[in-house]
Amino acid sequence: MEEYKELVQALKRGAASLACGNYLRRMSSIQRQSTLTAASYSRLKRKYEKIEEIFVQSQCDWNQTFLVLLFRSMDSSQNRDAYERLARLVPYRVIERERSSLRAIEALLLGTSGLLSVYRDDSYIRSLKEEYFYLAQKYELMPMRRREWDLSRCRPHNHPVLRIVQIAKLLVEHNFLVNSVLECKTCGDIEKLFGVEASEYWSNHFIPAQISSDIPKRIGREKCHLLGINLVVQFQFAYAYHTSKEELRSDALTLLEDIPAENNRFMRRWAEHGVYATNAFESQALLQIATEYCGHELCEECPIYGYLMASKA
């Protein structure tokens, strides 16, 4: 018992620096895979519970649930709540009625976001405002307030205005978007689905009425991969779990293995201990250990501790 207490204390002392990576690095390939699988499933289960919550809030409508998840996935944390609020203010049923016109969807989303009133006008922006005035009356919409968005430190390629018009293009291009997401089997499928380019006006604009370099504003490969990890796989897994489609759940895990590992500060910290993720299934497992166990010093609940205890038994 004393030995176990010392082990827990040692793990907690090194939790902030992910020092348990030294144990993980020394495991056999089978032991390591088993440990990472346990962590990855734990993360999927936690994400599933969040999606179920959104599903209930969306009156058990999978299209609306996906819309909320799509908007949430466009930002890691800075504006996630604002994106989610926008998805609820302009529900899927409204988008479905107007999706024959890209300009109407841009007007609906940008107008309701409140961001159209933040920047200067030009002829195109004025046309969006006019379109929004009509649509807002038609659907009884109210714009969000400027202060709901944090526009500080926003890189141009990740600016909410640009992300919103990219979402608009995605929604217009794919009539049955949920079906397209459920049919993704490979990383290439994800890149093809989400690699959309914003409408022509935005090719030389990042924000309204301010000319920028003339480059296509396409969702990049790295962002597509993140959408694959945080949206497609999670949605497939939750939908499969909810509908008892075991084959789809298995496909979701296979898809996660086909997506490249994330490159973030947590992966770089694991690398300092000689631990490297070969795909997104492993990087998600390592992220789960770092944020849910190490980050809260819950070492006794961690799969690494479970392995160490079993090996000492």
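Before you start: residues are numbered from 1 along each chain as its sequence is written, and side-chain values use heavy atoms, leaving out hydrogens and water. Because the model is predicted, local features need pLDDT of at least 70 and side-chain atom pairs count only at pLDDT 80 or more, while totals for chains, interfaces and linings use all residues.

**Exercise 1.** Find where Lys223 sits and what surrounds it.

*Solution.* Start with the helix: Lys223 lies in H12, residues 221-243 (a helix is a DSSP run of H or I, at least four residues, numbered from the N terminus). Next, check burial: Lys223 is buried, meaning under 20% relative accessible area with a 1.4 Å probe, protein chains only. Then look for a partner of opposite charge (Lys and Arg count as positive, Asp and Glu as negative; His and the chain ends are not counted). The nearest such side chain, Asp75, is 7.1 Å away, and Lys223 has no salt bridge (a side-chain nitrogen of Lys or Arg within 4 Å of a carboxyl oxygen of Asp or Glu). Finally, leaving aside residues up to four places away in sequence, Lys223 touches Ser73, Met74, Asp75, Asn158 and Arg163 (heavy atoms within 4.5 Å).

**Exercise 2.** Describe the surroundings of Phe237.

*Solution.* Phe237 also belongs to helix H12. With 5% relative accessibility, Phe237 is buried. Beyond residues up to four places away in sequence, Phe237 touches Leu44, Arg249, Ala252 and Leu253.

**Exercise 3.** Count the disulfides.

*Solution.* The structure holds 0 disulfides (pairs of cysteine sulfur atoms within 2.5 Å). For Cys302, the nearest cysteine sulfur belongs to Cys20, 5.7 Å away.

Definitions and conventions:
Helix = DSSP H or I, 4+ residues; strand = E, 2+ residues; numbered from the N terminus. Buried < 20%, exposed > 50% of the residue type's maximum accessible area, 1.4 Å probe, protein only.
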